[in-house]
Amino acid sequence: GWNTNNAHALNVYPVTQSSDAHSGLSAVRGEVLNYNGWTAPNFGSYSGSLFHVDQTYPTLNFYYKYHRVNNDVVLGSVQINTASGYPMGYAELRIINSATTYTPIAVPITYLFPDSTPYEMAMVIGIEDTVLNTASPGSYFLFDDFSLGWFTALGVEEQSVTKEEVILF
C-alpha cells in the first residue's frame, strides 16, 4: 500500500529499499538526488491506497536514521478519517537532527473528534529545506518498523518469575 514519487520511466528512484534495517531484512530509504522540484523523496499512502485503522491509536511509531544536509528536515503528516472520509485526527512529523544509529520516535496523534470511529489513515513523508523551500542533494532518511499504538521499547531485558513469586487475589 505504499506509494512513492519514483519515476520509473526516467530511472529516478529517490525512494528505495535498503538492507540497512533496524530489524528484519530491509528498511525504506529516501534520498534527495538532484532536486529540481520532484526528485526529493516522497512516500506514503495516497488516495486509493489508504491504510485501514479501527482504533484511536495514540501514536505513530517507527525507528529512523537521518543524514541531514544544509537546512533540510524530514516532514510528514498523518490524517485519520472516518468511513465517510471526514477527517477526525492528525499528526505532524518533523525530524531536524541527524541520527547515525536507529532512533525510536513516537509521533502523537491528535483527535479532533475522539468519539468518532476511525476507518483509514493517510500518511505522507518527505525531505524539505525549510529556508530555501527545496531540498539538498545527499540528505537521506532510513525508516523501519512502523506501528500504530503505544510505543514499546525493544531491547528490554526479559525477566522471568517462578510461580512462588506471584500472588494473585
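Student: Okay, strands here are DSSP runs of E, at least two residues, numbered from the N terminus. With that settled, where does N70 lie?

Tutor: N70 is in the loop between β6, residues 59-67, and β7. Bear in mind as we go that this is a predicted model.

Student: Is N70 buried or exposed?

Tutor: N70 counts as exposed, because its relative accessibility is 58% and the cut-off for exposed is over 50%.

Student: What about the phi of N70?

Tutor: The phi of N70 is positive, about 55°, although the residue is not a glycine. Most residues other than glycine have a negative phi.

Student: Let's zoom out. How many helices and strands does the protein have?

Tutor: There are zero helices and twelve strands, and the pattern along the sequence is β-β-β-β-β-β-β-β-β-β-β-β.

Student: And what share of the residues is buried?

Tutor: Buried residues account for 38% of the 169 in the protein. As for contacts between residues at least 6 apart in sequence, 75% of them join residues at least 24 apart.

Student: What is the mean pLDDT?

Tutor: The mean is 83, and 83% of the residues reach 70 or more.

Student: Where does pLDDT stay under 50?

Tutor: Over residues 155-161. In that stretch the model has two contacts beyond four places in sequence. Where pLDDT is low, the predicted coordinates should not be read in detail.

Student: Back to the strands, then. In which sense do β7 and β8 pair?

Tutor: They pair in the antiparallel sense, over eight bridges. Together β7 and β8 make a hairpin with five residues between them. G85, in the turn of that hairpin, has a positive phi of about 85°.

Student: Which residue is the bridge partner of Q79 in β8?

Tutor: Y90 is the partner of Q79. Y90 also has a bridge partner in β10, namely T110. Strand β10 spans residues 110-111, and its pairing with β8 is antiparallel over two bridges.

Student: Now T82. Where is it placed?

Tutor: T82 is in the loop between β7 (72-81) and β8 (87-95).

Student: Is T82 buried or exposed?

Tutor: T82 is buried, because its relative accessible area is 10%, and buried means under 20%.

Student: What does T82 touch?

Tutor: Leaving out residues up to four places away in sequence, T82 touches M88, S116, T117 and Y119. The side chain of T82 also makes a polar contact with the side chain of S84, at 3.1 Å.

Student: Which residue's side chain makes a polar contact with the side chain of T59?

Tutor: N61, at 2.8 Å. N61 belongs to strand β6 and is buried, with a relative accessible area of 0%.

Student: Which residues does S26 touch?

Tutor: Not counting residues up to four places away in sequence, S26 touches Q17, S18, A21 and D144. With Q17 there is a polar contact between the two side chains, at 3.0 Å.

Student: Last topic, aromatics. How many aromatic pairs does the structure hold?

Tutor: Six. One aromatic cluster is formed by F62, Y64, F141, F143 and F146.

Student: And what lies over the face of Y140?

Tutor: R29 lies there, at 4.0 Å from the ring centre.

Note on methods. Residues are numbered from 1 along each chain as its sequence is written. This is a predicted model: local features need pLDDT of at least 70, side-chain atom pairs count only at pLDDT 80 or more; totals for chains, interfaces and linings use all residues. Side-chain values use heavy atoms; hydrogens and water are left out. Rings of Phe, Tyr and Trp (its six-membered ring) pair if their centres lie within 6.5 Å; planes under 30 degrees apart count as stacked, over 60 as edge-to-face and the rest as tilted. A charge sits over a ring if NZ of Lys or CZ of Arg is within 6 Å of the ring centre and within 35 degrees of the ring normal. pLDDT is the predictor's confidence in each residue, from 0 to 100. Contact means heavy atoms within 4.5 Å. Helices (H or I, at least four residues) and strands (E, at least two) are DSSP runs, numbered from the N terminus. Buried means under 20% relative accessible area, exposed over 50%, partly exposed in between (1.4 Å probe, protein chains only). A polar contact is a pair of N or O atoms within 3.5 Å; within protein, one must be able to donate a hydrogen and the other to accept it, and residues adjacent in sequence count only if both atoms are side-chain atoms. Two strands pair if DSSP finds at least two bridges between them.
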